[in-house]
Amino acid sequence: MTYIPAPLDTVHVKLRQAVPADFPTIIELLTRCEMHSSSVTPEGSTYWIADLNGVPGGCIGLEHGEGASLIRSTAVLPEARSQGLGRALVASALTYASLRGDRTVYLFSQEAGDYWRRFGFVPVGADELAAALPNTPQVQSGLLKGWIEREQAWKRVLGGGGGA
C-alpha cells in the first residue's frame with residue numbers, strides 16, 4: 001500500500017466501514033504509523049478506513065460498551081496528513097457513536113491532547129474510562145499489561161458536549 005501525495009483538488013477521499021477482511025490493512029496502517037495493534041479486533045468494534053485515490057491512508061476504530069464507546073487506533077499515514085483526513089475519520093466515529101445512542105465517547109492519548117480538545121474532549125482519569133468500558137479490548141489489554149494507570153484518558157459527552 002503506497003500513497004502518493006497529490007494536489008488537494010485532485011484527491012478523492014472515501015470513508016468506508018471496515019469489514020473483517022480489512023483488518024490486515026488496518027494493522028498495516030497502524031504499524032506504518034508506529035502505533036500498537038495487538039488488541040485490535042473486529043469483535044465488539046466498528047472501524048473505518050479512509051481511502052485516498054483508492055489507497056488506504058488512515059483508519060479509526062470504536063470499541064463499544066453500554067452507552068459509551070472508546071475511540072482507538074486513529075491513524076493517518078504521514079504522507080497523507082494535513083488534508084483533513086483525521087478530522088473526517090473522527091467526525092465519522094463521533095456521528096456513529098451518537099447514532100448508536102452513546103452518551104459518552106472516551107479515548108487514550110498521551111501526546112495528542114491539543115488535537116482531541118478541538119473535538120470537545122476533556123482530560124479524565126484512566127480509572128473513569130476503565131469503569132465505563134471495562135470489557136473493551138483496549139481496556140482489557142491495558143489492565144492485563146499494566147499500562148492503563150500511566151495513560152491519559154479523554155472524554156467527550158455527546159448531545160451538546162462539544163463541537164466537531
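## Close-up views of a predicted model

E4, helix H2 (85-99), E5, helix H3 (113-117) and H5 each give at least two residues to the lining of the largest pocket. Helices (H or I, at least four residues) and strands (E, at least two) are DSSP runs, numbered from the N terminus. This is a predicted model, in which local features need pLDDT of at least 70, side-chain atom pairs count only at pLDDT 80 or more, and totals for chains, interfaces and linings use all residues. Residues are numbered from 1 along each chain as its sequence is written, and side-chain values use heavy atoms, with hydrogens and water left out.

**View A. The whole protein chain.** Welcome to the overall picture: the protein chain has 5 helices and 7 strands. The C-alpha trace spans about 45 × 35 × 30 Å along its principal axes. For 164 residues, a compact globule would have a radius of gyration near 15 Å, and the 15 Å of the protein chain agrees with that. Here the radius is taken over C-alpha atoms, and the globule rule is 2.2 Å times the number of residues to the power 0.38. Of the 164 residues, 46% count as buried; buried means under 20% relative accessible area, exposed over 50%, and partly exposed in between (1.4 Å probe, protein chains only).

**View B. The largest pocket.** About 930 Å³ of space lies in this pocket, and 33 residues line it. Met 35, Ser 73, Thr 74, Phe 108 and Glu 111 are the lining residues nearest its centre. E4 supplies the largest share of the lining, 6 residues. Sorted by class, the lining has 13 nonpolar, 14 polar and 6 charged residues. Ala, Val, Leu, Ile, Met, Phe, Trp, Tyr, Cys and Pro count as nonpolar, Asp, Glu, Lys and Arg as charged, and the others, Gly among them, as polar. On a 1 Å grid over the protein atoms alone, a pocket is an open set of points where a 1.4 Å probe fits, with protein on both sides within 12 Å along at least five of seven lines; lining residues have an atom within 4 Å of a point. Grid points are joined across faces, edges and corners, and the volume is the space filled by probe spheres set on the points.

**View C. Helix H5 and its surroundings.** In H5 (residues 137-145), the buried residues are Gln 138, Val 139, Ser 141 and Gly 142. Looking down the axis of H5, these fall within an arc of 160 degrees, so they line one face of the helix; the arc is that of the directions from the helix axis to the C-beta atoms. Their cover includes strand E3 (55-64), strand E4 (68-76), strand E5 (104-108) and helix H4 (126-132).

**View D. Thr 104 in strand E5.** Thr 104 sits in strand E5 and is buried, with a relative accessible area of 13%. Leaving aside neighbours within four places in sequence, Thr 104 is in contact (heavy atoms within 4.5 Å) with Gly 67, Ala 68, Ser 69, Lys 155, Arg 156 and Val 157.

**View E. Two loop residues with positive phi.** Glu 34 lies in the loop between helix H1 (23-32) and strand E2 (45-52). Its phi is near 55 degrees, a positive value in a residue other than glycine, and Glu 34 is exposed, with a relative accessible area of 76%. Asn 53 lies in the loop between E2 and E3. Although not a glycine, Asn 53 has a positive phi of about 50 degrees; Asn 53 is partly exposed, with a relative accessible area of 38%.
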